[in-house]
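Here are some notes to read alongside the coordinates. They go through single residues and then the chain as a whole.

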Amino acid sequence: MSQASEKSVIISGVGSYTPSKILTNDDLSKIVETSDEWIRTRTGIRERRIAGENETTSDMASAAASEAIKNAGLKPSDIELIIVGTVTPDMRFPNTACFIQRKLGIGKVPAFDVEAACSGFLYTVEIARSLMLTSGYKHALVIGAEKLSKITNWEDRTTCVLFGDGAGAVVLSLVDEPRVGILQSLMGADGNESDILCVPENEQSGTAAVEKIERALHKIHMQGNQVFKIAVRVMCQSAVDILEKANISAEDISLVIPHQANNRIIEALSQRLGIGMDRFKINLDRYGNTSAASIPIALDEAYRNGRIKSGDTILMVAFGGGLTWAAMVIKWQ
Ligand code: ACO
């Protein structure tokens, strides 16, 4: 969307939270028939974090959000909008954003969730940005948070080695300055491919609860190599398209923060864009794929490690169930 005004939306604060429990590849090899070597060479993942039994998505999200609000130099009462990207809400309803609002003591502002799987964070940022530019919200809290461990089939080695839990958050602020912060954004989806990555439980189908559990219909199902091929194609195309839309060349990108699903997908992106892997932020080795939380956790880590400086141009690109995809170019203020 092109900006009609001289205002921009910047990321004014970042934060993240990951649970303390670490599940290594060796730990997993005691649960399913796999090995550290297979997981590392096929994905790049070494370990992932697993939330406590009673730790909810909104608990993790609130911890990340609290850091982001502090980092922005704001108070919870300054937040005027809350949006959460997640496929693992605490409850079917109320939405996760309402729980976070209550936990952080944020005022009675709009609060809702967006479900776009691994693209959920970028979708959510773009929705918040659009609302801020049209309705004038000054500070929005945008969070990607997931407790994927509760929808992971721990008997399926083809999926359980991939996912982890965590949350990342940003505060978005409206500023009276053109061409800073979020410069361009794109989102897309293809529902024709919805079956290759999903939690197939269908409450309308009348399938008996026992059958649902036996067939693990309430857990993640994925045709990994199908998803892999489409992920490479769609992530590369989204990145090329967003650079063109923003009229920015690959050389001008200081840092790429891709969805953290698989090193091999990221390497393909690096080759296609001609941007060396040294300009990619990668932390999937320690967290695995945390779906909507993956980009904001990586963003927070990159910021805290000094990899993001004023004036940097950052490319973010995501792909996930739906299928959905999204990309964004940001000029750090
Ligand atoms: N350990 C050991 N062997 C395994 C494991 C495992 N954990 N998993 C699968 N295998 C075996 C398979 O059974 C198969 O054996 P076979 O040849 O005897 O049949 C062999 O390894 C190869 O399996 P493939 O599925 O072809 O392996 P591939 O190289 O495609 O890697 C992977 C699998 C890592 C899942 C890859 O396809 C991938 O990363 N896909 C993309 C996933 C992704 O990006 N998801 C993003 C979105 S997630 C979201 O939206 C929530």
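1. Which residues is G13 in contact with, leaving aside its neighbours within four places in sequence? In this predicted model, the contacts of G13 are with A68, N71 and A72, and also with A169, V170 and V171. G13 itself lies in strand β1, which covers residues 8–17, and its relative accessible area of 2% means that it counts as buried, the cut-off being under 20%. For a sense of distance across the chain, the C-alpha atoms of G13 and N289 are 23 Å apart in space, while the two residues are 276 positions apart in sequence.

2. Once neighbours within four places in sequence are left aside, T324 is in contact with A116, S119 and Y123, with G188 and A189, and with A318 and F319. The side chain of T324 also reaches the backbone oxygen of A116, at 3.0 Å. E115 is 209 residues away from T324 in sequence, yet the C-alpha to C-alpha separation of this pair is 10.0 Å.

3. The peptide bond that joins G322 and L323 is cis, with omega of about -10°, and L323 lies in the loop between β12 (313–320) and β13. A cis peptide bond also joins F93 and P94, where omega is about 0°; in this case P94 lies in the loop between β4 (81–85) and α4. I would ask that both bonds be looked at in the displayed model.

4. Helix α4 spans residues 96–104 and includes Q101. Is Q101 buried or exposed? Its relative accessibility is 14%, so Q101 counts as buried. Not counting residues up to four places away in sequence, Q101 touches I82 as well as I106, G107, K108 and V109.

5. A117, although it is not a glycine, has a positive phi of about 50°; A117 is found in the loop between β5 (111–114) and α5 (120–135), and it counts as buried because its relative accessibility is 10%. A216 likewise has a positive phi of about 50° without being a glycine, and A216 lies in the loop between α7 (209–214) and β10 (221–222). With a relative accessible area of 10%, A216 is buried.

6. Turning to the chain as a whole, the protein has 11 helices and 13 strands. How does its radius of gyration stand against that of a compact globule, and what is the value? For 333 residues a compact globule would have a radius of gyration near 20 Å, and the protein has 19 Å, so the two agree. Along the principal axes, its C-alpha atoms fill a box of roughly 55 × 45 × 35 Å.

7. Of the 333 residues in the protein, 54% are buried. Among contacts with a separation of 6 or more, 77% are accounted for by residues 24 or more positions apart. The accessible surface comes to about 14,200 Å², and carbon and sulfur atoms contribute 48% of it.

Methods
Residues are numbered from 1 along each chain as its sequence is written. This is a predicted model: local features need pLDDT of at least 70, side-chain atom pairs count only at pLDDT 80 or more; totals for chains, interfaces and linings use all residues. Side-chain values use heavy atoms; hydrogens and water are left out. Helices (H or I, at least four residues) and strands (E, at least two) are DSSP runs, numbered from the N terminus. The radius of gyration is taken over C-alpha atoms; the globule rule is 2.2 Å times the number of residues to the power 0.38. Buried means under 20% relative accessible area, exposed over 50%, partly exposed in between (1.4 Å probe, protein chains only). Contact means heavy atoms within 4.5 Å. Accessible areas come from the Shrake-Rupley method with a 1.4 Å probe; for residues, only the protein chains shown count as cover. A polar contact is a pair of N or O atoms within 3.5 Å; within protein, one must be able to donate a hydrogen and the other to accept it, and residues adjacent in sequence count only if both atoms are side-chain atoms.
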